[in-house]
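Below is a short report on fold, surface and charge pairing. It follows the salt bridges through the chain.

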Amino acid sequence: MNKLAVVTRSDPNITNISKETHPLIEEYAKKCNADFIILSGDPPVWTHDHRPHYRIMEGYSLLEDYDRLLFLDSDMIVLRSCPNLFNIVPEDKIGSIYEDKGSRKDDRLSRIKKIQDQWGDVGWRENYTNAGTFLVSKKHRDIFLPHEGKYWIDWGSADVHLSYMIHKNNFEVYELPFHYNHMTMFSESWNGNANRFDSHIIHYGGAGIFDPGIHNREQQIKHDKQKLFESI
């Protein structure tokens, strides 16, 4: 039987958010028969960087002990309707949504070009993964390593680095529907103004504001959690 973990990353400055979301992520981990792991503190020293996004690179070490890891950002609400992603994503593929779409398409495509201008062409033309919801297996460990001793610390940081390494290593991605990582971009007109409450995982990345009159993502998360889980 595979040893599984659901992994999230947290900072002291998002304590008010994580106290709302972590119980739901932990509940989901139990549903998946997976351990629940919180990565905090400085990223691994071997990333040569102190940006909190780079804690995800600890996936390399975690995959020594675990067969599969599902990374979920701490600024996410996981609905109880969410299916077991370990059963959906094939073990030989990496599970993620793509965000080079709609209002973000041009910016994300420019990031794809920029890293290859600097690090070399790996045939990456589209399909920019988002590590908010990101499922990997032991065979994918090398995507967490540096490229020629370096990690990408320009725009896109860990997302760009991981996508580049996926292509460098010729790994396949299983594209998940946006319902497993519903950011504000997916509620825009290009996507039919999709209702976030119809999705399985709502992601409040960036500004994370869906509703007018809401001033910050902490307030948005509390508002949405109350609407979704009135019994909690």
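## Charge pairs across the fold

R217 is partly exposed, with a relative accessible area of 23%. Partly exposed covers the range between buried (under 20% relative accessible area) and exposed (over 50%), with a 1.4 Å probe and protein chains only. The partner of R217 is D75: they form a salt bridge whose closest N and O atoms are 2.6 Å apart. R217 lies in helix α6 (residues 217–228) and D75 in the loop between β3 (68–72) and β4, so the pair ties together parts that are 142 residues apart in sequence. D75 counts as buried, at 9% relative accessibility.

This is a predicted model: local features need pLDDT of at least 70, side-chain atom pairs count only at pLDDT 80 or more, and totals for chains, interfaces and linings use all residues. Residues are numbered from 1 along each chain as its sequence is written, and side-chain values use heavy atoms, with hydrogens and water left out.

**Overall fold.** The protein has 6 helices and 8 strands. Helices (H or I, at least four residues) and strands (E, at least two) are DSSP runs, numbered from the N terminus. From the N terminus on, the order is β-α-β-α-β-β-α-β-α-β-α-β-β-α. The radius of gyration is 17 Å, close to the 17 Å that the globule rule gives for 232 residues, so the protein is as compact as a globular protein of that length. That radius is taken over C-alpha atoms, and the rule is 2.2 Å times the number of residues to the power 0.38. Along the principal axes, the C-alpha atoms fill a box of roughly 50 × 40 × 35 Å.

Buried residues make up 51% of the 232 residues. Take contacts (heavy atoms within 4.5 Å) between residues at least 6 apart in sequence: 71% of them join residues at least 24 apart.

**Salt bridges.** Side chains of opposite charge can pair when their charged atoms come close. Here a salt bridge is a side-chain nitrogen of Lys or Arg within 4 Å of a carboxyl oxygen of Asp or Glu. The count comes to 17 salt bridges.

| Pair | Closest N and O atoms |
|---|---|
| E27 and R80 | 2.6 Å |
| E64 and R141 | 3.6 Å |
| R217 and D75 | 2.6 Å |

What does the E64 and R141 pair tie together? E64 lies in helix α2 (residues 59–65) and R141 in the loop between β6 (129–137) and α5 (157–168), so the pair ties together parts that are 77 residues apart in sequence. E64 is exposed, at 53% relative accessible area. R141 counts as buried, at 19%.

E27 forms its salt bridge with R80. E27 lies in helix α1 (residues 15–31) and R80 in the loop between β4 (76–78) and α3 (85–88), so this pair ties together parts that are 53 residues apart in sequence. E27 is partly exposed, at 33% relative accessible area. R80 is partly exposed too, at 45%.

**A network around R111.** Salt bridges link E99, R104, D107, R108 and R111 in a network. R111 is found in helix α4 (residues 105–119). Is R111 buried or exposed? R111 is buried, with a relative accessible area of 17%. Not counting residues up to four places away in sequence, R111 touches Y128, W155, G156 and V160. The C-alpha atoms of R111 and D154 are separated by 9.0 Å, and the two residues are 43 apart along the chain.
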